[in-house]
Amino acid sequence: MTGMLPLLILSTSLVPAVVIFFLPEAATRVRAAVNLIGALAKLPLVGLILDGVAAGEQYELRYTLVPGLDFLLRIDALSLLFLSLSAFLWLLTTLYALAYLRDGANQSRFFGFFSLCVAATTGIAMSGSLITFFLFYELLTLSTWPLVAHRGDARSIASGSHYLAYTLAGSTALLLGIVWLEGQVGPVEFAAQTGIAGADPNTLRWIFLLMVGGLGVKAALFPLHSWLPAAMVAPAPVSALLHAVAVVKAGAFGIVRVVYDVFGIGLVTDLGLGVPLAAVASFTIIYGSLRALNQSDIKRRLAYSTVSQVSYIILGTGLAGPTAMIGGLVHLIHQGLMKVTLFFCAGALAETLHIYRIQEVDGCGRRMPVTMLAFSICAVGMIGLPPVAGFVSKWYLGTGAIEAGQIWVLFVLAGSSVLNALYFLPILYRTWFRPATGTWREPLTPLPAAKVWGLVSPAVATAVASLASGLLAAAQPFSPLGWATLIVTRDYGP
Amino acid sequence: MSVDSLFTQPGLYGVTGALAIGIGVYGLIVRPHLVRKIIAVNMVGSGVFLLFGAVADRAAPGPGGDPVPHAMIITGIVVALSATALAATLTLRLSRETGRTALPPEPEDPAVQDKES
Amino acid sequence: MPGVVWGPDVGSGLLALAVVLPVAGALLILPLGRHAERVPHLLFMAGLVLATAIAYHVWIGGVLTAAIGGWPAPLGIVLRADGLSAVMLLTTALVLVPVGIFAAGEFQPRTADGRESRAGLLFWPLMMGVWAGLNGTFLSNDLFNIYVALELLTLAAVPLVTLEGKAGTLAAALRYLLFALLGSLLYMLGAALLYGTHGTLDLTLLADRVRDDASALIAAALMTAGLLAKTAMFPLHLWLPPAHGGAPAAASAILSALVVKASFYLVVRLWFDLFPSLLDDTGATVLGLFGAAAILSGSVLALRQARLKLLVAYSTLAQLGYLFLMFPLAGGGTEAQPWTAGAWSGGIFHAVSHAFAKASLFLGAGILVQGIGHDRIADLRGAARSLPMVIAAFGLSGLSLMGLPPSGGFIAKWLLLTTAMASGRWGWAVVMFAGGLLAATYVFRVLNRAMATPEQPLRLVQPVHQSRQLAVLFLALVSVLLGLVPAIPFELLQIGGGLSTVEGFR
């Protein structure tokens, strides 16, 4: 059973994906049902495994492809951090996408690849070895592409190519790093290798650079980030998937794995790689925020905000002290919850009132109060104000920086908070305090109630979740903070 | 190997075979006309068969000798005959359809290919 | 121990039958003419069963040999099947069945108004000829027998190119024929030299007698040069794209997937089974450099093509290049890392998965020509909407070309890469990575077009039968499946491989 459970979890996304590909375009209800059954079935399974891992159980599934190449699923506490995030958000994003794309074309293709993306993410979370990680990472790259290019117009196709050019080059670097490393020390499983420290330090540094560089493309590390703002032409559910559920998270999660489980914190510190990584992340944080400032398109602004926010995770990883690690890990969840809310709301604005630019939101707080309330909560959280989740991450990162003796990080965090405020508060001000100036267009026929519900309720759910993980952060061990603390104290403790 | 050995029967076969192969390969590469190319291939073929015969004699000298190469040469000749027939047919068809008796220049530039097809 | 399963006679009978079946098929179809509609399919299915039986036999009982007529070597002709032969036989059969189903829509011996059609009549016997040649090559254990099989292959494959009778294909077919004939003759010359020195043509006997001397080297070089011309290996490759790109889709699929692999298979047999001690660094590096040049030049040329079928044909040139990287890499990593499974298996894996992927790609291009009337890449907008199964198959086969998981191509690339990196041979790894990125560029160039929304909805000029689309998808899925369950073919490959598969044999 301990081997079957990971496989079952994987199949809750994989099976719907395959089934949906073969459904006829008109089978809207069946498609929705298959999708939702998969998403709903996944949650209790993840819950079951969460409980098991908290109690110290092992879940492992090994299958030899060819000698030297094992497919290995192994669930540890870190896996579950990512796994539960993606499982929870998958359900909500699916609900949202069903409403968003109600009358769109090519739905079987869209939802098939959507589920495939989630399956890949699930696999990434559960991978127990570098090469298994790479298999799913590549599956994610490829299954995201049709979603980015979904609309099929010239801009979507171009941004799809942009995405591929970056991510495929990134995967090539990653694969080169993996093959090089395994050429030195044999197959690398997470948290199990011993021989790696014996290899030549300079070789190890190059390998680290290749791996983190390759993963940094998806994590949108500067200067590898430009595909992410370009990809915002995709439909809003895809943006949610890119920014919160799957893609950038997979990159960040990969970097965490490489630092913690491939090299190990001790070796990363010995090789002098932690602080440079933190510095690149810090630069990306400030750079992303600065670029976000002068975007007038809402989704573009949010995209640059992601560039900045995801690097918090990498910053925490690079600093390598236990508190900073907790801060980085917990931000994996917090950023996901908050950013997915923001994109849900941006999509709802576009669908309902055709609002795309920041100048157009004037007074829409009274027209769409629930949506904009959700948006506001998470914008405040992004800035890092209590009691929303973002505050918890920043607090731990800051304390961790002091603990690690890297005081400059405090300035980065403070600067970033100021910049976040500068690009989020004007939106909130316009929304709530400016009168409506007729910059939006009311739909000719009112949107069907089911569509409105489908667009708004997921945003409310994630906003509540962001608020709750801030307010209830102390609830051990199943709050995001509690779980991150468990990971660090149990698996990576000194 | 002394010069004398060239003038034994198998030696002569060998030298002639080698010459035929050389001439054939030269013709195949240099001559554009398809009939010449086909003849050139046959020259190479005959050269190989001659050489094979000479080699066979060296392995088992004497009249009769080793029968295995003989059987193979005969098979080879039959194969060469069918190949020649096929090549000749294709050449005839080509000249009837296009009036050309030579192959178009090497398809190095794919753009050329696109125009043709 | 051979013959554990059904007794030695049955085992040998299977091998003989694998050669006899297609020849008998050709002889049967010719006189039956337009009454032979279902015969080829039955034969292909029988061939699949037969190949499976042989593979099973080899799997259980090890290497299988059959002395035809009870005459042992060197007098008689010996057929021999080891793991490699079994894998190639099985690949051939598995490709032929869907290609046959696909071709049924195009090559009917009887046209709609009841008359006999020339192309429809000729196609099937020629396919049988190709099949006989392939099986003969994979099973023969005798240099001359192999020569006969190779010639049969050429003489059946060349007319397939011209089946549609277009002027452009005549020139392509002639060029193909001339290259192939010269290749056969060079091969025969090498065989003659070997016979002169060692007095036998039987591979097993020769392997014991061949020594590391000049005559063996000359013979090996001549045979290799001949086989390279037949494999369309750089620098003797330029005949391939017009021939494969101009042939009817079903024929292109067979030519690119299987026919060029037969001569590649022989190069492998020669260097790993017959002359393992001759494969020194220089020779292996030269072969590897040819491969590297093929990968890079083929990919770049594929990128520049305006027509899909030519793109796919040039991609074959590039993909064949990977096969030749196994020569410098084979066994190389094993001194450094005993866990590397070896480049030899990687190369063969690549040949097999490329066979399925490429067959699917050519058939898919054929469906596009039928469905939307052309295969100009620039005008493929909307194809993903109109023919989703074909474009999906294109994407899945593309995985193998790019060497991305999950696909047989990835497993192959992984095996080659780990060996290269473990032995510190960076250059080959870099070539493979570059080839993968170039392949991604040309695969996505097509997919981008197909995914784009057209200004006007794309209308099919001719409906495409479901069974033909399923045949394309089936082949693509097999190439993916090879990446998901590679363990079985991998282990089958190792059976009876002798020196070549033993780790670190050099």
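How many helices and how many strands are there in chain B?

Analyst: Chain B has 4 helices and 0 strands, where helices are DSSP runs of H or I with at least four residues, strands are runs of E with at least two, and numbering starts from the N terminus. This is a predicted model, in which local features need pLDDT of at least 70 and side-chain atom pairs count only at pLDDT 80 or more, while totals for chains, interfaces and linings use all residues. Residues are numbered from 1 along each chain as written, chains are lettered from A and ligands numbered from 1 in the order written, and side-chain values use heavy atoms, without hydrogens or water.

From its N terminus, chain B reads α-α-α-α. Of its 117 residues, 35% are buried (under 20% relative accessible area; over 50% is exposed and in between is partly exposed, with a 1.4 Å probe and protein chains only). The accessible surface of chain B is about 6,600 Å², and carbon and sulfur atoms hold 68% of that surface (Shrake-Rupley method, 1.4 Å probe; for residues, only the protein chains shown count as cover). Among contacts in chain B with a separation of 6 or more, 52% join residues 24 or more positions apart; contact means heavy atoms within 4.5 Å.

Now to the other chains. The largest nonpolar core has 414 residues, and those with the most contacts inside it are Phe263(A), Leu143(C), Tyr176(C), Trp271(C) and Phe327(C). Such a core is a set of buried Ala, Val, Leu, Ile, Met, Phe, Trp, Tyr and Cys residues joined through side-chain atoms within 4.5 Å. Helix H10 of chain C (residues 249-274) gives the most to this core, with 20 residues. Beyond its neighbours within four places in sequence, Tyr176(C) touches Ala157(C), Val158(C), Val161(C), Trp239(C), Ala243(C), Leu255(C) and Val259(C).

The axes of H11(C) (residues 281-303) and H17(C) (residues 426-451) come within 9 Å and cross at roughly 20°, with axes fitted to C-alpha atoms over the stretch in contact and angles running from 0 to 180 degrees between N-to-C directions. H11(C) is therefore roughly parallel to H17(C) (under 35 degrees; over 145 is roughly antiparallel, 65 to 115 roughly perpendicular and the rest oblique). Residues of H11(C), including Gly288(C) and Ala292(C), meet residues of H17(C), including Gly435(C) and Leu438(C).

The loops deserve a look too. The peptide bond from Phe234(C) to Pro235(C) is cis, with omega near 0°, and Pro235(C) lies between helices H8 (214-231) and H9 (240-246) of chain C. A cis bond also runs from Pro405(C) to Pro406(C), with omega near -10°; Pro406(C) is in the loop between H15 (388-402) and H16 (408-422) of chain C.

In chain A, Ala220(A) has a positive phi near 60° and sits in the loop between H7 (201-218) and H8 (227-230). At 0% relative accessibility, Ala220(A) is buried. His354(A) has a positive phi near 55°, lies in the loop between H14 (322-353) and H15 (364-367) of chain A, and is partly exposed at 29%.
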